[in-house]
Amino acid sequence: MTIPSSLIETTQVALLLAAAPLFTGWVKMVKCWMQGRTAPSLLQPFRDLAKLFSKDVVLAENASWIFRFTPYLVFGVSVLAGAIIPVLSTDLLLSATADVIVLVSLFAIARFFTALAGMDIGTAFGGMGSSREMTIASLAEPGMLMAVFAVSLVGKSTSLSQMTAVISQGGHAMLRPSMVFALLAFILIALAETGRIPVDNPATHLELTMIHEAMILEYSGRHLALIEWAGMMKLYLFTVLGIAAFFPWGISLNNDLPAIAGALVFLFLKLGFVGMALVLIETGLAKMRIFRITEFLGSAFLFATLGMMSFFMLE
Amino acid sequence: MNPTAAAQLNSLLAALILLTAFALVVQRRMNALLHIFAWQGFLLAVSTAIVGFVGGAHHLYISSFLTLGIKVILLPYILHLLIHKLKIRKEVDSVINVPTTMMIGIILVIYSYHLTAPIRELSTLVTRSTIAVALATFMLGFLMMITRKHAVAQIIGFLAMENGLLFAATSATYGMPLVVELGVALDLLIAAFIFGMFFFHISTTFDSLDVDQMARLKEED
């Protein structure tokens, strides 16, 4: 039985909205287990979101339209990104409209507006957070693009669906040096972009160290809920992007019902593993000094470039 | 193991050797430098054994064992004893900062790829694609000798250069004649002992292994 690709697209977006908070909850849960604490329920992120949605929005008097517009834009962009990445099947309605370079720029738009909104109110923290976020972004983006190019060379296309299809049919793709380097670079960049521990601490509100939290400090109510939800989606999106590019086995290449069901099972297994790996990284490492981030992301750029070069040199 | 799979495995090893070469250039801590150097030697030994197996050049097994014995176990051990005795713990400082060094390293890799293009065209061996990596490893060792101020780090750079040479010989011609390789291995051992003596002299004279201190040796004018 074949499912129409519009239905798959809808399922994928619904899955994105539901699975992103679950994934964040899972990461938190495993982290608590690792550190010997009692874990909150897997549904805790949903409860947090519901609480925020039911609260009133408190706006600063001098907040402009940018400040009010940003949460909706960030949320919308995340949903759109989720519609492009092949999660269950490579046959998606929107996959032809946007390739992986557009995906990178979608994340860039969201970040650009968040940085503007951080400066909009005019508090010191917002400006500091925006400045730091843009510093990190300017270092992470070249590396991200290079990593993406290295994978595109192997996948023979910049369209995500094509890349996933070629790589999953390619057999022992993980033995290819370019993929190994690109994966290393991608992990480092994903940690920086999603604000995880060696670069930023998602749980902190300490003035000196926060980066992402400083930008969104002025948000409240449903605005904050949308931004937090988008943040969870970003973590989920980077995870499924990594899965689609490096471990695509299980993602269905046609729209058969059994294949899609299998893809769903594989997805949850992979998400579970990635969550545990993330927790291992986060508990094993300490947060870096902010000026060490240049070296961290510089090495990500180095890995990505080596990946691209080893495609030409060694393959 | 069929030749294509072996060639692919060898490519992966070459990529990892290149990675360790970069890690040597950017790593600050002395102990970590020694570990990475030992890993590079280990990867080189495995790669040599694979090339020996694929090319049917059985003297490469001996070369592989020599690499394993000298560069993975003996030299790191000697250097470890040395830095332990001289109580070197502080981080190594370099002339250029780390991101710039990485960029220079990337340029060197592209340059070596360009430089080895004619050899790659002429060669018929399965390992011909790794010649560029071998030259890059050599150049990165050279870069390390230039950018580091610390004598022990410079020696590790020198040994990494030697690794690059051995790798180049293996991938370009299935290795040098056994006599030459034995000679090189002996040379390395002697060199390590001489370095050790030098280190002791430098550190007792200047109370530091920073080679910038040697500028004090010049005459007053």
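Is B:Phe42 buried, exposed or partly exposed, and what is its relative accessible area? I will come back to that residue in a moment, after a word on conventions. This is a predicted model, in which local features need pLDDT of at least 70 and side-chain atom pairs count only at pLDDT 80 or more, while totals for chains, interfaces and linings use all residues. Residues are numbered from 1 along each chain as its sequence is written, chains are lettered from A and ligands numbered from 1 in the order in which they are written, and side-chain values use heavy atoms, with hydrogens and water left out.

Now to the residue itself. B:Phe42 is partly exposed, at a relative accessible area of 35%, where buried means under 20%, exposed means over 50% and partly exposed lies in between, with a 1.4 Å probe and protein chains only. B:Phe42 sits in helix H2 of chain B, and helices here are DSSP runs of H or I with at least four residues, strands being runs of E with at least two, numbered from the N terminus. Leaving aside residues up to four places away in sequence, B:Phe42 touches B:Leu68 and B:Val72, a contact being heavy atoms within 4.5 Å. Between B:Phe42 and B:Phe65, which are 23 residues apart along the chain, the C-alpha separation is 9.9 Å.

B:Ser47 also belongs to helix H2, residues 30-55, of chain B, but B:Ser47 is buried, with a relative accessible area of 1%. With residues up to four places away in sequence again not counted, B:Ser47 touches B:Asn10, B:Leu13 and B:Phe167.

Let me widen the view to the chains. Chain B has eight helices and zero strands, and its radius of gyration is 18 Å, close to the 17 Å that the globule rule gives for 221 residues, so chain B is as compact as a globular protein of that length; the radius is taken over C-alpha atoms, and the rule is 2.2 Å times the number of residues to the power 0.38. The C-alpha atoms of chain B fill a box of roughly 60 × 35 × 30 Å along the principal axes, and 50% of its 221 residues count as buried.

Chain A, in turn, has eleven helices and zero strands, and its radius of gyration of 19 Å is close to the 20 Å that the globule rule gives for 315 residues, so chain A is as compact as a globular protein of that length. Its C-alpha box is roughly 55 × 45 × 45 Å along the principal axes, and buried residues make up 55% of the 315 residues.

Finally, how do the two chains meet? The contact takes 23 residues from chain B and 20 residues from chain A, and the area buried between them is about 1,900 Å², of which carbon and sulfur atoms give 79%; buried area is the accessible area (1.4 Å probe) that two parts lose on being put together, summed over both. The rule finds one salt bridge across this interface, a salt bridge being a side-chain nitrogen of Lys or Arg within 4 Å of a carboxyl oxygen of Asp or Glu. The salt bridge joins B:Arg28 to A:Glu295, whose closest N and O atoms are 2.7 Å apart. On the side of chain B that touches chain A, helices H1 (3-26), H4 (98-115) and H6 (131-147) are the elements that give two or more residues, and the largest share, nine residues, comes from H1(B).
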